[in-house]
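Subject: Structure handover

Hello,

Here is the structure you asked for. Please open it beside this message, and the notes on what was found in it follow below.

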Amino acid sequence: MGDVVPLGRGRAEPPGRRGRDDVEPLWRDLVGRRLRRERQRQGRTLAETAERAGISTQYLSEVERGRKEPSSEILSAAAGAVGLSLLDLTTAVAHDLRVSRTSLRGPVALAA
């Protein structure tokens, strides 16, 4: 574990990536952003969404900010509260991760 550099908020950067600005986002960060974006798109408050999901407002806030690593039950409840299935949420987050990875590598040029 001596080769891992702490990044704060529970993150660690693997060896060979030190000093690079292109660190991949964590899954929990992307899940939180996606849930928040969907909640805000629908004009729902944090409190009403948390109530619909059956979780505390504080916990949902921490999930949306990427501070908590929620269980599959919490993810399912939070996704359902904004009208998404777990499959919808994970597919959207996987897409976000794919997009972020592409942007980390820089521009892509395709030739015909």
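Just after helix 3, G66 takes a positive phi of about 75°. Helices here (H or I, at least four residues) are DSSP runs, numbered from the N terminus. This is a predicted model, in which local features need pLDDT of at least 70 and side-chain atom pairs count only at pLDDT 80 or more, while totals for chains, interfaces and linings use all residues. Residues are numbered from 1 along each chain as its sequence is written, and side-chain values use heavy atoms, with hydrogens and water left out.

Helix 3 itself comes next. Its buried residues (under 20% relative accessible area, with a 1.4 Å probe and protein chains only; exposed means over 50% and partly exposed lies in between) are L60, S61, E62, V63 and E64. These buried residues pack against helix 1, helix 2 and helix 4.

Two packed helices are described by the angle between their axes and the distance between the axes. Helix 1 (residues 27-41) and helix 3 (residues 57-64) pack at about 115°, and their axes are 7 Å apart. The axes are lines fitted to C-alpha atoms, for helices over the stretch in contact, and angles run from 0 to 180 degrees between N-to-C directions. On the helix 1 side, R28, G32, R33, L35, R36 and R39 are in contact (heavy atoms within 4.5 Å) with S61, V63 and E64 of helix 3. By class, this contact has two nonpolar, two polar and five charged residues. Ala, Val, Leu, Ile, Met, Phe, Trp, Tyr, Cys and Pro count as nonpolar, Asp, Glu, Lys and Arg as charged, and the others, Gly among them, as polar.

Now the salt bridges (a side-chain nitrogen of Lys or Arg within 4 Å of a carboxyl oxygen of Asp or Glu). The structure holds seven of them. In one, the side chains of E69 and R28 meet at 3.7 Å, N to O. That pair links distant parts of the chain, since E69 lies in the loop between helix 3 and helix 4 and R28 lies in helix 1, 41 residues apart. E69 counts as exposed, at 53% relative accessibility, whereas R28 is buried at 13%.

Another salt bridge joins E64 and R36, with the closest N and O atoms 3.0 Å apart. E64 is in helix 3 and R36 in helix 1, 28 residues apart. E64 counts as buried because its relative accessibility is 4%, and R36 is partly exposed at 28%.

E38 is buried at 13%, while R41 is exposed at 61%. Salt bridges that share partners also join R34, R37 and D96 into one network.

I55 touches A50, L60 and I74, not counting residues up to four places away in sequence.

Regards

Note on methods: Helix = DSSP H or I, 4+ residues; strand = E, 2+ residues; numbered from the N terminus.
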